[in-house]
2 protein chains.
Amino acid sequence: MRYFVAVAEELHFGRAAQRLGMAQPPLSRAISRLERRLGAKLLDRTSRAVALTEAGSVLLREARAALDAVEAAEQRTRRAALAATGRPGVVLATKAGSSGELLAKLLDTYAAEPDAVAVDLLLCGVGEQERMLRDGRADVALLHLPFDSTAGFDTEELQTESQVVVVPSGHGLTARDQVRMADISELAGLPVARWRHRDGTYPDGPGPEVRDQAQLYQLVALGRACCVVPESVRTQLREDLTAVPVLDAPPVTTVIAWPPHSRSGAVAGLVRAATRLCPS
Amino acid sequence: MRYFVAVAEELHFGRAAQRLGMAQPPLSRAISRLERRLGAKLLDRTSRAVALTEAGSVLLREARAALDAVEAAEQRTRRAALAATGRPGVVLATKAGSSGELLAKLLDTYAAEPDAVAVDLLLCGVGEQERMLRDGRADVALLHLPFDSTAGFDTEELQTESQVVVVPSGHGLTARDQVRMADISELAGLPVARWRHRDGTYPDGPGPEVRDQAQLYQLVALGRACCVVPESVRTQLREDLTAVPVLDAPPVTTVIAWPPHSRSGAVAGLVRAATRLCPS
DNA sequence: GGCAGCGATACCGCAGGGGTATCGATCCCG
DNA sequence: CGGGATCGATACCCCTGCGGTATCGCTGCC
């Protein structure tokens, strides 16, 4: 299945084989074996191009989930063994620089519980928390709707906030105390930066492409772009940047999420602390 | 992992090996290999008994999920291939004899959609739908809260109904037009039948053990037991049985559930039909 | 103390997965 | 329109790793 995912993503046997650290012929054979075993044609291949069939794209999705589940089983078992012998701990994945205040309060509240264990923070890039939770590198995560997908997780809503547009401090837009989405590009005279997707591609648009927050704020400070972010990051803005509320930006909801069959008391404790902090 | 799950369930290498159709020594070695690979002790074994460690029980849970995911990937791919070449179809798992009317209306409503495909019904025993959905034998299922677990699925609530107690038609209880849970055993003079759990064990209690509905209703008709069931089964009761509403029984909610990353248009259509039928 | 039950170890055989060399088809370019 | 380049499939070989049989060693129990 790992082999198939690699081929399906590359759509090229040679490159997939390279990525898997093996030669191309055994990979070809492995895929045909898989096709025979499943009784399904997974790839349409001519000697020039490879394309996914309907069944192939189903398998791509399902196989990713299955591989994540296997990976998660290994990771969680390893951590359970560590926790049993050494110091117990729970891994919380969160987006670096988001919901800072909420996170601090959450950690404080949880630490005050009688049976609290150490919380290891896993600071992730944009949208990485989801993967961390799916493949077992994290036990629990703070996700941000509507950006992250909570499909397949148990969740609890924590807070909802509106968004602000960030521009250089001297910028004319800072005179206004609110704007609308439609007005931003024209009023600011700045394109909205484009975040990199998880697969390495970028959305279409005029703005510059950014990979992380350092890049983003640098570009904004240089007057090359602006960005729309949740209100709570205002408290951590650089001095040379200013935020203006956006009236009609989609509200951002922070949720705490965990794998549905999690039996860990530590995860339950964190969730309890979080809901006590943010009674819905 | 299949090996480990077998051993963890049997807690006996010999029986597990037999179940897996292999000899005991290679199984022993496979488990120690797994322990070395994960760097975790999974089983405490003396020459007389085998017990799960903390890490072992984590792996048992995770490995079951992972194996289900792999199985689901294979099943769904096979069905996708069939659907592409032959007649497309979607598999709906439902508990035999439950929500009969709702099911009929759902099928009718969906069939009226322009792009409806064939719906294959998978009639399951008590609580089996969940497994069918998890391991890919079904694409979508009707589940009944609070009996089934929807953990890890996307769901949509369809209807909530109260429960009734079923007794033989001539029984004295039928004179009353309602009862309370606490009164049932004493008023009816009948113990409540005990359903078999998925793992083959039975809950504690005085009532007889039953495995399916034929058994159950036979026992009730013979005056050996009674049972509490959702109101909607009243329409399908045998003539020799009568139902009396139970005031304080937990309400039963029927939900339609599907795997969270399902991209199938047929599943979406069924869900749409269901929600149109039962606007929440 | 002997025996029965059970998991671990030792040793063997083979199937299956991976490697190299090469083929055959398709597209591109002059 | 033909030759080379690209890419997946096939042929053949090797070796690792998994499973089987035989046996050991430990532990309770009668």
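Author: Two strands are counted as paired if DSSP finds at least two bridges between them. The model discussed here is predicted.

Reader: How many bridges join strand 5 of chain B to strand 12 of chain B?

Author: Strand 5 covers residues 140–145 and strand 12 covers residues 252–258, both in chain B, and the two run antiparallel. Within this pairing, L143(B) has V255(B) as its bridge partner. The number of bridges joining the two strands is five.

Reader: Which strands of the open sheet in chain B stand at the edges, and why is one side of each left without a neighbour?

Author: The open sheet has five strands with mixed pairing, in the order 4-3-5-12-6. Each edge strand has a single partner strand, so one side of it lacks a neighbour in the sheet; these are strand 4 (118–124) and strand 6 (154–161) of chain B.

Reader: Which helix of chain B packs on the sheet?

Author: The helix in question touches strand 3 (89–95), strand 5, strand 6 and strand 12 of chain B. Its direction makes about 155° with that of strand 12 of chain B, and it is helix 9 (residues 265–277) of chain B.

Reader: How are helix 1 and helix 2 of chain B oriented to each other?

Author: The axes of helix 1 (residues 2–10) and helix 2 (residues 13–20) of chain B come within 8 Å and cross at roughly 130°. The crossing is right-handed. At that angle, helix 1 and helix 2 of chain B are therefore oblique.

Definitions and conventions
Residues are numbered from 1 along each chain as its sequence is written. Chains are lettered from A and ligands numbered from 1 in the order in which they are written. This is a predicted model: local features need pLDDT of at least 70, side-chain atom pairs count only at pLDDT 80 or more; totals for chains, interfaces and linings use all residues. Side-chain values use heavy atoms; hydrogens and water are left out. Helices (H or I, at least four residues) and strands (E, at least two) are DSSP runs, numbered from the N terminus. Contact means heavy atoms within 4.5 Å. Axes are lines fitted to C-alpha atoms, for helices over the stretch in contact, and angles run from 0 to 180 degrees between N-to-C directions. Angles under 35 degrees count as roughly parallel, over 145 as roughly antiparallel, 65 to 115 as roughly perpendicular and the rest as oblique. A crossing is left-handed if the near helix is turned anticlockwise from the far one by less than a right angle, and right-handed if clockwise.
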